[in-house]
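Hello,

Here is the structure you asked to look at. Please keep it open while you read the notes below.

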Amino acid sequence: MNIITKKFDLGDGRMIEIETGKLAKQADGSAVVRMNDTMLLATVCSKKEVGEFVDFMPLTVDYQEKYAAMGKFPGGFFKREARPSEHEILIARLVDRALRPLFPDNFHAEVQVQITLISGDKDTMPDQLAALAAASALAVSDIPFNGPVSEVRVSYLDGKYVINTPLQDIERADLDLIVAATEENIMMVEGEMKEVSEDVMLNALKAAHEAIKIQCRAIAELTVEAGKTEKREYCHEVNDEELRQRVRDAVYQKCYDFSKQGIANKHQREEGFAAIKQEFVDANYTEETLTDEIKFMIDRYYHDTEREAMRDMVLAERTRLDGRQLEEIRPLWSEVSYLPSAHGSAIFTRGETQSLSTVTLGTKLDEQMIDGAVVEGTRRFLLHYNFPGFATGEVKGNRGLSRREVGHGHLAWRALKEVLPTETECPYTVRVVSDILESNGSSSMATVCAGCLALMDAGVKIRKPVAGIAMGLISKGDKWAVLSDILGDEDHLGDMDFKVCGTRDGITACQMDIKVDGLSYDVLAKALEQARQGRLHILDHIQSTIAEPREDYKPFVPRIVQIEIPKDFIGAVIGKGGEVIQKIQRETNSIVNIEEKGDLGVVDIAAVDKASIDAALKWIKDICTVPEVGQVYDAKVVSIVEFGAFLEFLPGKEGLMHISEYDYARTETLEGLINVGDMIQVKIIAIDEKNGKLKLSRKALLPKPEGYVEEERPRGPRRDGDHGPRRDGDRGPRRDGDHGPRRDGDHSPRRSGGNGERRH
């Protein structure tokens, strides 16, 4: 067994180790990366042959977290790992975007990369190591790959840039980015910020790149030691260079001239370019001579020529495919409250890209539960992005959520979550749904804008409006052009897709994919500044549609009132088996949720009308009330006994009204005077210090008759051992167990033996 190990320092004493040759040796390449107790196993396998007429890179990247890695059982009925969670899909996408551009353009064999968390710790996030593990596995394989490449997390924390930030510090960082790069170039960026400046972000990229260079050198040394510097030979394309030249000569100028026309309609442009290609085919081939192989090569050569012509036109003419200037934003229009029944809704349209977004406000019970191997907890803000086929005029079946939809939704979620009010200010669970109805580039950024509008329409008091814009780049030699608000075609033909979201005061989220070598920081700085100007333009439009969040929620939105109760009363509000809280919800038509926080219980009460909330609120406050002598209540008769009646004056709280406390007139029996279920106003006249039992009186609230004198009377019949309270002046004979006269004024109840009241 030939085990090779490489170790390197992050610069602060924290070590990362790469190991190969011990696990998964039948894969084309495998490696284990370890930092602290977090360990990732990455494997890579590639087919030797390709399918007929394949001219793309069939790469699949999967990431999975084993629950055993954290000493946990998976949830669910089957108690085993199931399909990838959104968290795992997002990490797989980060790795995919780092690797995909580095495979040779003419390498088309299917490649599968699998990354598995096999050990974890609570302080070291695996996402910052996943691409390093995958690149290491590729480095020790014979699969052609223009690496090495790696990723790191960089955070801006307490005025410093921190690499591979400990989990406990990520939440309080002002900036949290995952950056992928080769030793020469940055390839991919994704992350969130707390309204940081463009300079802070640019310096974060520089700090991350320096750390990545160390990792790339370690991977290169690993390749040499593993003897994998020579990669496999392959031949995945059949080319006809004479045909390639003929296609270019025939269509280049036509494509260039057509690009200059500045046609804004996407379908018209597509039809125009398709007509140029068809003209070449018709002029040179018949149905008999146009074989599938020739048609396949013409499609490839035409695509390459069209791309070259469009790029050259932009660089030379400084205009865009749709006729815009480089920094010009497409026409904007938007509308709020389009959907009458939604809690909040908005349409945002930019050129030929349109999002219809809705906001739904729910209770604590609607929070999303996160139960991953590493990350667990709850989420009170959700954002979901949907991209149906009709948005691009395609016939495409709905086969469930795609990885692209997960990624685009997550980016918009990151952009908006920074400006949400606190849970105290907005106790709702908030869900934003963006349905893309048209798409021609930047649909995720349209989601940010439409989501912002819908939140304000719903009355959610966001701190500031947020907008997003996608930037592009076209470069050739020493010429380059930064494009604002890119089209789908410009994304496809360009060298960069740089999405930037933020407020007027700073950036809240970004995502960047770079497809060209040697992109300088000067170009990135220009792109960031141009993005800022575009963002301000879009924010002006957003605030012309709705200047600020609505003053109140819409009438049909459930209202939520939040109160705090002493921790000791949580059990009383819930009741045995949830009996009390279920009764409150049922009888007041409300939703009640209790969460323990420190020494308090935080209670959320939600209902569609104020009366229901008030009823539930009073009920809960009554349960948590500590009775005091002198307080007056409307009490319900629970039971009637010979010596009085037991009354419920607060939920779950009862006291005894002795028969002598019913009226000033002598009362021999309560039968016929009151019935079970009657409501009586009573006053607390005493609380037993030893057992907390309460003495209630109706008489104490009645006007005292003129000349009234307390009469002496014998005690009425009592329950066995009951020596309950007597009226003033009652010194009558007692039954067995009564221990003689009391001191003057002593009217307290006694247990058997003369020491207080007992109730059976």
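Is Ile 546 buried or exposed? Ile 546 is buried, because its relative accessibility is 7%; buried means under 20% relative accessible area, exposed over 50%, and partly exposed in between, with a 1.4 Å probe and protein chains only.

Before the rest, two notes on the source. This is a predicted model, in which local features need pLDDT of at least 70, side-chain atom pairs count only at pLDDT 80 or more, and totals for chains, interfaces and linings use all residues. Residues are numbered from 1 along each chain as its sequence is written, and side-chain values use heavy atoms, with hydrogens and water left out.

Ile 546 sits in the loop between α11 (521-545) and β22 (559-566). Helices (H or I, at least four residues) and strands (E, at least two) are DSSP runs, numbered from the N terminus. Leaving aside residues up to four places away in sequence, Ile 546 touches Val 336, Leu 453, Met 456 and Asp 457; contact means heavy atoms within 4.5 Å. Thr 43 lies 503 residues from Ile 546 along the chain, and their C-alpha atoms are separated by 51 Å.

Now the whole protein chain. It has 14 helices and 29 strands, and 53% of its 760 residues are buried. Of the contacts with a separation of 6 or more, 68% are between residues 24 or more positions apart. The C-alpha trace spans about 125 × 65 × 55 Å along its principal axes.

Regards
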